[in-house]
Amino acid sequence: MLSRTERVVCLIVLAGAAVITLYPMVVLVSTAFSPLNSGSGGISFAHPLSLSAFSYAWRAGGFSRYMLNTVIVTGAVVLISAVISVMAGYSIALARPPGARWVLYAAVFGFMLPVEALIVPWYYQFQTVGIINTYWSMILPQAAQSIAFGTFWMYVAFRSMPRSLSESALIDGASPVSLLWRILVPNVAPAIWTMAALVFLWTWNSFLLPLVMVSNQSLFTVTVGLSTFQGAHFNNFAALAAGSCLAALPVVLVYLFAQRRFIVGLFAGSVVE
């Protein structure tokens with residue numbers, strides 16, 4: 001039990017951390033809801049709430065197109081990486097074909113490599129096959145690294161499943177495909193949701209890869225589009241804040257809706273039978 005003094009100190013520290021964390025977000029939202037060209041930013045309620053900055057960023061800033069591009073890229077990366085990672089993790093953890101251990105090592109090594117070390121080889125390879133300035137030049141590299149991470153993640157999740165579960169299903173006549181998708185996947189669903197949420201956050205916030213791979217503005221993702229918008233509207237604080245809010249909104253919504261599953265999934269695989 002904490003003493004009264006220790007509890008007071010903890011509360012003070014937590015309150016200070018909350019203020020430091022929330023103040024920039026409050027300033028951002030307050031500025032975003034201000035009229036266009038209404039000042040230099042900061043918390044201010046001198047003006048009535050206005051959506052003009054959001055409307056301007058959405059139309060003139062091209063955020064409608066940037067958001068659509070990001071949804072396409074992020075959705076494809078999440079779908080591809082989730083399906084392949086589940087199958088690869090199952091194969092390594094339970095099926096164990098020859099060389100499975102080396103595939104696991106390769107996956108661990110793959111997601112440890114930074115994008116900066118791979119982006120130049122990727123660029124020249126994609127230029128050779130002619131997919132620069134396409135969605136695929138953004139989808140394939142991010143899917144590859146997400147699969148490397150997801151394979152290890154799902155390997156740990158499948159290893160936490162009781163071996164008796166898969167053995168009894170096989171004795172009852174279940175095929176390996178049925179065992180995976182009808183029995184094991186529902187049991188490791190929290191881990192899959194957590195993996196998908198992490199891949200979504202990483203892909204949505206990716207900046208360097210889309211910046212290098214795409215020069216056509218109609219294919220810009222929201223992070224690259226926000227950078228371009230900032231350069232063209234560096235003195236329009238309300239519009240910049242509105243664009244930042246639009247870029248961050250999907251990430252916040254995904255985290256809020258997936259928060260419970262996210263926390264549960266983080267502990268999936270912590271106990272192995």
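Tutor: Let's start with a term: a helix here is a DSSP run of H or I that spans at least four residues, and helices are numbered from the N terminus.

Student: Good. How many helices and strands does the chain have?

Tutor: There are twelve helices and zero strands. Read along the sequence, the pattern is α-α-α-α-α-α-α-α-α-α-α-α.

Student: As the model is predicted, what is the mean pLDDT of the chain?

Tutor: pLDDT is the predictor's confidence in each residue, from 0 to 100. Here the chain has a mean of 84, and 89% of its residues reach 70 or more. Over residues 269-273 the pLDDT is below 50, and this stretch has nine contacts in the model beyond near neighbours in sequence.

Student: Which elements have the lowest and the highest mean pLDDT?

Tutor: Helix α12, residues 237-266, has the lowest, at 78. The highest belongs to helix α10, residues 208-213, at 93.

Student: What share of the contacts with a separation of 6 or more comes from residues 24 or more positions apart?

Tutor: For this chain, that share is 74%.

Student: Now the nonpolar core. Which residues of the largest one touch the most other members?

Tutor: A core of this kind joins buried nonpolar residues through their side-chain atoms. The largest one here has 64 residues, and F63, M154, F158 and M213 touch the most other members. Helix α3 gives the most to this core, with eleven residues.

Student: Which residues is F63 in contact with, leaving aside its neighbours within four places in sequence?

Tutor: F63 is in contact with A57, W58, V222, L226, F229, G243 and L246.

Student: And on the outside, which residues form a nonpolar patch on the surface?

Tutor: The patch consists of L79, V83, I84, M87, V177 and W181, and together they have about 530 Å² of accessible area. Two elements, α3 and α8 (176-187), each give two or more residues to the patch. Helix α3 gives the most, with four residues. As for W181, this tryptophan is classed as partly exposed because its relative accessible area is 37%.

Student: One backbone topic remains. What is the phi of R96, and where is this residue found?

Tutor: Phi of R96 is near 55°, a positive value in a residue other than glycine. R96 is found in the loop between α3 and α4 (100-112). The arginine is partly exposed, since its relative accessible area is 45%.

Student: What about the phi of N133?

Tutor: N133 also is not a glycine, and its phi is positive, about 65°. This asparagine lies in the loop between α5 (115-129) and α6 (136-159). At 27% relative accessibility, N133 counts as partly exposed.

Terms used: Residues are numbered from 1 along each chain as its sequence is written. This is a predicted model: local features need pLDDT of at least 70, side-chain atom pairs count only at pLDDT 80 or more; totals for chains, interfaces and linings use all residues. Side-chain values use heavy atoms; hydrogens and water are left out. A nonpolar core is a set of buried Ala, Val, Leu, Ile, Met, Phe, Trp, Tyr and Cys residues joined through side-chain atoms within 4.5 Å. Buried means under 20% relative accessible area, exposed over 50%, partly exposed in between (1.4 Å probe, protein chains only). Contact means heavy atoms within 4.5 Å. Patches are made of residues with over 30% relative accessible area and no salt bridge: like charges are joined within 9 Å, nonpolar side chains (Val, Leu, Ile, Met, Phe, Trp, Tyr) within 5 Å. Accessible areas come from the Shrake-Rupley method with a 1.4 Å probe; for residues, only the protein chains shown count as cover. A salt bridge is a side-chain nitrogen of Lys or Arg within 4 Å of a carboxyl oxygen of Asp or Glu.
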